[in-house]
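User: I'm new to reading structures like this one. Could you pick one part, take a close look at it, and then show me how the rest is put together?

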Amino acid sequence: MYRYDQYDYQIVRERVAQFSDQVRRRLSGELKEEEFMPLRLQNGLYMQIHGYMLRIAVPYGLISSEQVRMFAHIARQYDRGYGHFTTRQNIQFNWLKLQDVPSILADLASVEMHAIQTSGNCVRNITSDEFAGVAQDEVVDTRPYAEILRQWSTFHPEFAYLPRKFKIAISGAKEDRAAIYAHDIGLSVIKNAQGEIGFRVLVGGGLGRTPIIGVEINDFIPWQHILTYVESILRVYNQYGRRDNKYKARIKILVKALGIDEFKRQVEEDWEHLKDGSGTLTTEEVERVCSFFIDPAYETLPNDDSKLNEFKADSRSFSNWMLRNVLPHRQPGYAIVVLSMKKVGNVPGDATAEQMEVMAELADRYSFGELRITHKQNVVLADVRKKDLISLWQEATAHKLTEPNFGLLTDIISCPGAEFCTLANARSIPLAKMIAERFENIDFQHDIGDISLNISGCMNACGQHHIGNIGITGVEKKDHEEWYQVSIGGSEGNESSLGKIIGPSFSFNQVPEVIDRLLQVYLRNRIETERFIDTVRRIGLAPFKDYVYATELTEEEAVDDKYAVVPAQYDIPYYSPRF
Amino acid sequence: MKIIKNKAIVEDNWIILRLGEQQSPESVLIPDGKIIVPLQVWLQQREALLKRSELGVWLASDERAELLKDDVDKFSVIAVDFPKFSDGRSYSIAHNLRVRLGYTGELRAIGDVLRDQLFYMQRVGFDAFEPRPDRKIEDAIKGLSDFSEFYQKSVDQKLPLFRRVQRSRNLSL
């Protein structure tokens with residue numbers, strides 16, 4: 001993976017000094033909260049219900065065992081012993097004190113990490129395919145380009161105060177695993193007929209209040225020109241994106257308002273002045289960055305391991321895990337392993353300090369010391385010898401890291417929701433836990449097969465509910481009760497689509513029954529191996545809607561706070577900071 | 001009053017003319033002396049203003065640098081307003097004045113100009129700053145030296161890091 005040189009270190013060290021001084025000035029009252037807010041946000045620091053939340057950048061999800069151990073240290077030293085992996089391949093800590101943040105940043109800098117631009121109206125952490133470099137369907141390894149874009153966007157002076165946040169995702173495989181259609185800029189690295197590398201550029205995608213699928217602005221930008229092309233897109237957006245209404249400030253609104261043809265004309269008019277200028281990438285720089293992403297020292301191994309089959313026959317749990325959480329690798333004798341952060345009963349995406357240390361240890365022993373965080377909030381060991389799978393599984397199982405549910409119903413993507421976030425209308429995590437418990441039966445889950453269930457506590461869509469096969473959104477509160485909208489038909493990847501709301505919203509305790517009814521309709525209607533999303537596309541929304549609303553919904557027995565992470569306090573509105 | 005210019009605190013006697021609600025750009029009377037007029041005043045009273053020996057113009061954040069095309073050499077100073085420090089349009093205006101229009105004279109940041117944005121402003125071509133008057137200018141100037149290195153090209157540094165220095169390759173190879 002990429003390693004810092006003296007320049008990277010210098011920039012990050014100077015950042016720690018700068019932000020430490022900003023914190024000092026905030027604590028002394030020299031900076032007002034209004035002035036401090038954008039500064040802290042550009043450093044991933046949010047003021048949430050219980051305290052400060054720090055989001056730490058994991059560039060394109062790639063991370064070393066040493067860095068994961070640092071997370072464990074931060075969790076123990078400054079937080080409550082755990083961290084939360086996010087849908088943008090980052091990690092966040094929820095219970096921090098402002099005065100500790102400078103020390104945390106210094107700790108992070110010592111292992112080549114930071115929290116730069118993980119929030120704020122700037123270019124955020126670049127996300128990418130979690131299987132880059134090892135996927136069988138990969139055309140071009142995205143990691144070098146993601147790193148080049150990371151450096152280009154870090155402290156870009158012109159684009160630090162954009163109208164709104166700006167997210168870039170990059171994919172280089174046949175199947176899009178980076179949700180590039182749901183980003184402000186989506187990049188697909190491709191090869192043209194001559195074998196030259198370039199980028200198909202999508203623009204104006206995004207979720208939030210106004211979900212829109214990105215559209216193509218250019219079908220092939222040669223790699224040399226990608227930084228200047230992205231610069232021109234941002235310059236047009238920075239000047240003309242709306243600033244009068246934050247709900248209409250994302251680039252998607254500008255692209256919609258101008259139309260893609262006019263937007264493209266403006267971008268390429270600006271680009272004419274930059275093209276072939278000093279911002280053009282050089283072969284030398286690409287080769288330099290590529291040198292960090294060469295294959296690890298793979299052994300020559302047979303692709304089949306008879307021991308695995310024997311063990312699978314002996315252990316249902318292992319065979320279920322092999323079926324779902326172990327994926328084909330392009331190197332014979334190796335496999336990609338997904339460690340599930342979705343053990344039923346746990347908070348989706350959370351890992352304890354102990355689990356982090358175990359994962360770091362497993363990475364060191366079985367996967368060349370590297371891990372990846374996925375946008376579905378799991379952790380990947382990308383280079384595991386097949387002959388090590390049994391011992392890896394046994395060790396990981398002891399730490400509850402082998403729930404065999406990757407891509408299944410209980411692999412729920414969830415935002416932190418109203419227990420933590422001041423924006424949320426409703427709780428997300430307790431609902432995710434309740435749903436997971438209801439559908440815990442693994443045979444049932446395997447029967448249902450591939451499905452995605454996404455929960456967001458509000459329309460800002462941090463849980464990416466629009467692109468979940470089933471999407472759940474917390475909507476308005478009435479008398480401190482939480483209400484949820486349910487949509488179906490969303491999906492990410494090559495056939496991205498936005499879910500459609502099935503009808504009036506439901507109470508917290510009704511939602512599991514709603515999911516159950518949706519699944520019943522699917523099971524009754526599916527043809528052979530058809531996935532849930534395929535059935536929805538074939539038969540449409542109506543049969544699902546009809547059945548869900550046909551008879552009165554039975555509610556789960558209400559057990560106060562059973563699933564709560566933080567005890568509910570309905571007398572205090574969730575949206576008000578409590579300190 | 002004091003401003004920051006070329007990384008030093010200096011006395012300055014330019015006066016920024018901001019139009020009152022009752023005033024219109026065509027008819028407003030421009031006092032004698034070193035005045036920085038709004039762009040709209042320049043566009044409306046161009047002929048008269050051209051007779052002045054020294055003139056400055058300022059742009060609002062929703063105005064475009066391109067409106068000064070062919071004119072940039074007529075000003076001793078061009079200022080760009082930050083109505084709020086979080087309004088980032090003025091960074092692109094500065095970039096366009098320097099890069100697209102080739103302006104080389106004094107480029108001044110005015111309005112909600114605060115220490116923590118000064119470094120970025122300097123990078124996109126501002127060389128003069130009027131920090132918000134309720135803040136100490138001696139503190140604000142520190143913002144210009146937050147960083148000593150950066151990755152990307154901009155106006156202050158025409159080459160990205162990868163074209164300027166020899167950077168490390170993977171040392172384990």
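Analyst: Let's start with a word we'll need a lot: two residues are in contact if their C-beta atoms, placed from the backbone, lie within 7 Å. Keep in mind that what you're looking at is a predicted model.

The part I'd pick is the place where the chains touch. Here, 34 residues of chain B are in contact with 32 residues of chain A. On the chain B side, three helices each supply at least two of the touching residues: α3 (89-100), α4 (115-123) and α6 (161-164). The largest share comes from α3(B), with five residues. If you sort chain B's touching side by class, you get 13 nonpolar, nine polar and twelve charged residues.

Going from the N terminus, the order is β-β-β-β-α-α-β-β-α-β-α-β-α-α. Its C-alpha trace spans about 70 × 35 × 25 Å along the principal axes. Chain B has 173 residues, and 40% of them count as buried. Among its contacts with a separation of 6 or more, 47% are between residues 24 or more positions apart.

The buried ones in α4(B) are B:R115, B:D116, B:Q117, B:L118, B:Y120, B:M121, B:Q122 and B:R123. What does the covering? Both chains contribute: from chain A there are α1 (6-27) and α2 (33-41), and from chain B there are α3, β7 (106-111), β8 (128-129) and α5 (137-140), among others. Just past the end of α4(B), look for B:G125, which takes a positive phi of about 115°.

With the chain B side done, let's move over to chain A. This chain is divided into domain 1 (6-109), domain 2 (127-291), domain 3 (306-397) and domain 4 (413-550). Take domain 1 and domain 4 of chain A: their C-alpha centres lie 32 Å apart. They do touch, with six residues of domain 1 in contact with eight residues of domain 4. On the domain 1 side of that meeting, the residues split into one nonpolar, five polar and no charged.

Next, find a pair of helices in chain A: α3 (residues 65-78) and α12 (residues 353-366). They pack at an angle of about 170°, with their axes 8 Å apart. Angles over 145 degrees count as roughly antiparallel, and α3(A) and α12(A) are therefore roughly antiparallel to each other. The α3(A) residues in the contact are A:S65, A:V68, A:R69, A:F71, A:A72, A:A75 and A:R76, and they meet A:A353, A:M356, A:E357, A:M359, A:A360, A:A363 and A:D364 of α12(A). By class, the contact of α3(A) with α12(A) has nine nonpolar, one polar and four charged residues.

A sheet in chain A comes next. Five strands of chain A form an open sheet in the order β3-β14-β15-β12-β11, with antiparallel pairing. At the edges stand β3 (62-64) and β11 (326-328), each with a single partner strand, so one side of each has no neighbour in the sheet. From one strand to the next, the twist averages 35°. Inside this sheet, β14 (residues 370-373) and β15 (residues 379-385) of chain A pair over two bridges; one to find is A:R372, whose partner in β15(A) is A:V380. And α12(A) shows up again: it packs on the sheet, touching β12 (334-339), β14 and β15 of chain A, and its direction makes about 25° with that of β15(A).

Last stop: β9 (residues 197-203) of chain A. Five of its seven residues are buried, so β9(A) too is largely enclosed by the rest of the structure. It runs antiparallel to β8 (residues 185-191) of chain A, joined by seven bridges, including the one between A:K191 and A:I197. β8(A) and β9(A) form a hairpin with five residues between them, and A:G195 in the turn has a positive phi of about 85°. β9(A) also pairs with β10 (residues 215-222) of chain A, antiparallel and over five bridges; there, A:V201 is partnered by A:N218.

How values were computed
Residues numbered from 1 in each chain as written. Chains lettered and ligands numbered in written order. Predicted model: local features only at pLDDT ≥ 70, side-chain atom pairs only at ≥ 80, totals over all residues. Helix = DSSP H or I, 4+ residues; strand = E, 2+ residues; numbered from the N terminus. Nonpolar A, V, L, I, M, F, W, Y, C, P; charged D, E, K, R; others polar. Buried ≥ 20, exposed ≤ 12 C-beta atoms within 10 Å, placed from the backbone. Pairing = 2+ DSSP bridges. Axes fitted to C-alpha atoms, helices over the stretch in contact; angles between N-to-C directions. Parallel < 35°, antiparallel > 145°, perpendicular 65-115°, else oblique. Domains from an automatic or database assignment.
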